[in-house]
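Please read it with the model open.

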Amino acid sequence: MEPPAPPRRVTIVDVARHAQVSTTAVSKVLRNAYGASPEMRARVRRAIDELGYRPYAAARGLRGQTYTIGVMLPDIRNPFFPEILDGLTSRLQGTDYQVFLGPGCNGEKEEARVTEAMIDRGMDGIVLVAPVSSPTRLEHVASVVPTVVIGRHGCSPVYDTVTDDDVAGAALIVSHLAGLGHRRIAHIEHHETDPTRIAEMPNAQRADGYRRAMRSLGLADEIDVVSTSYTQQGGYRGAKELLGRPHRPTAVFAGADIVAMGVLEAVAEAGLSVPGEISVAGYDNTTFAAFGPISLTSVDQAGHEIGANAARLLLERIADRHKPSVQVRLSPTLMPRRTTSAAPE
């Protein structure tokens, strides 16, 4: 017995017959083109819904648009990135665009592989979140496909950027801790050696903001920075190192909430209390930072707003490839919670 034939794909011809219009009319509705009356649009949309018609993506690509947007994430485990995605997808609601994700794995080669795959598949635009690629590489991508870069403080005439004021955000944390009487305030940063990334990446900007704020408060002699990685394990390793100091810090500013989770783990393992014996602060104001049992002091850099701005800029650049580039910088806010309190006497 032969297996049943697979169901036939619904075509634009089927939609036209069902709606009793021409295929040209259906095409105009699908392309949102001029020349289709409201009544015709309603009939075609109703027929599409009733038949379950789906445009063939490859065919749309041949006509110049696939209505797909690629988003490169450096680390899918970082809980801050869903905030960005939520803002981006919310802004795209009501459009025909679909978002596809690709992990960059915090490496230039993997980023190149992911972005080239997105370009090869004809995606209409790309959003790169905290990319580590060189400016030359970023401009190459942007010369091929409309591009928005999130979390890089550099700028270019060929792509748009959305950033948080990371220097100001770090100053908020240091000022908050100093105001609670802390002097031995340490910082855990993401290790970086590339000069361009040191100038442009958010982790380096936060470390710079920490140092500036410490100096401005007369605490230059107390500056203490440990370089690990923006991961929970990196926070754990950094905290272990800090807790082994002869004069351990009374407060730790972790460069990201995910790093702060590792700090809290190491502090608990050492039998110390938070915030009684050591205060801990993070950055990103992720969902779990506000979770009652954790209640992590953090900096809110408005991830949802970052994503929404990136989507807006990308749609504008898709519509006009030659428009002047735009740089959006958002102002962070401090979210004090229970992991920080007055310095121990």
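The largest cavity is lined by Met72, Glu111, Thr115, Leu128, Pro131, Ser133, Arg137, Leu138 and Val141. Helices H6 (108–120) and H7 (135–144) are the elements that give two or more residues to this lining. H7 gives the most, with three residues. By type, the lining of the largest cavity divides into five nonpolar, two polar and two charged residues. The space inside the largest cavity is about 40 Å³. The count of cavities of 30 Å³ or more comes to one. The model is a predicted one.

**The open site**

The largest pocket has a volume of about 500 Å³. Its lining takes in 33 residues. Nearest the centre of the pocket lie Pro74, Phe81, Ala130, Pro202 and Tyr230. Helix H5 (81–92), strand E5 (160–164) and helix H10 (202–216) each supply at least two lining residues. The lining of the largest pocket holds 14 nonpolar, ten polar and nine charged residues.

**Aromatic contacts**

How many aromatic pairs does a search of the whole structure find? The search finds two. A pair of aromatic rings is described by the distance of the centres and the angle of the planes. The table gives both values for each pair.

| Pair | Centre to centre | Angle between planes | Class |
|---|---|---|---|
| Tyr67 and Tyr97 | 5.3 Å | 50 degrees | tilted |
| Phe80 and Phe81 | 6.3 Å | 50 degrees | tilted |

Tyr67 lies in the loop between helix H4 (57–62) and strand E1 (68–73), and Tyr97 in the loop between H5 and strand E2 (98–103), so the pair ties together parts that are 30 residues apart in sequence. Tyr67 and Tyr97 are both buried. Phe80 and Phe81 are both buried as well. Phe81 is also one of the residues nearest the centre of the largest pocket.

A charged side chain meets a ring elsewhere. Arg206 lies over the face of Tyr283, at 3.9 Å from the ring centre.

**Helix H2**

Which residues of H2 (residues 23–30) are buried? They are Ala25, Val26, Val29 and Leu30. These four cover an arc of only 135 degrees around the axis, which puts them on the same side of H2. After H2 comes Asn32, with a positive phi near 55 degrees.

Technical notes. Residues numbered from 1 in each chain as written. Predicted model: local features only at pLDDT ≥ 70, side-chain atom pairs only at ≥ 80, totals over all residues. Heavy atoms only, no water. Buried < 20%, exposed > 50% of the residue type's maximum accessible area, 1.4 Å probe, protein only. Arc of directions from axis to C-beta. Phe/Tyr/Trp six-rings, centres within 6.5 Å; stacked < 30°, edge-to-face > 60°. Lys NZ or Arg CZ within 6 Å of the ring centre and 35° of its normal. 1 Å grid on protein atoms, 1.4 Å probe; cavity = no way out; pocket = protein on both sides within 12 Å on 5 of 7 lines; lining within 4 Å. Points joined across faces, edges and corners; volume = space filled by probe spheres on them. Nonpolar A, V, L, I, M, F, W, Y, C, P; charged D, E, K, R; others polar.
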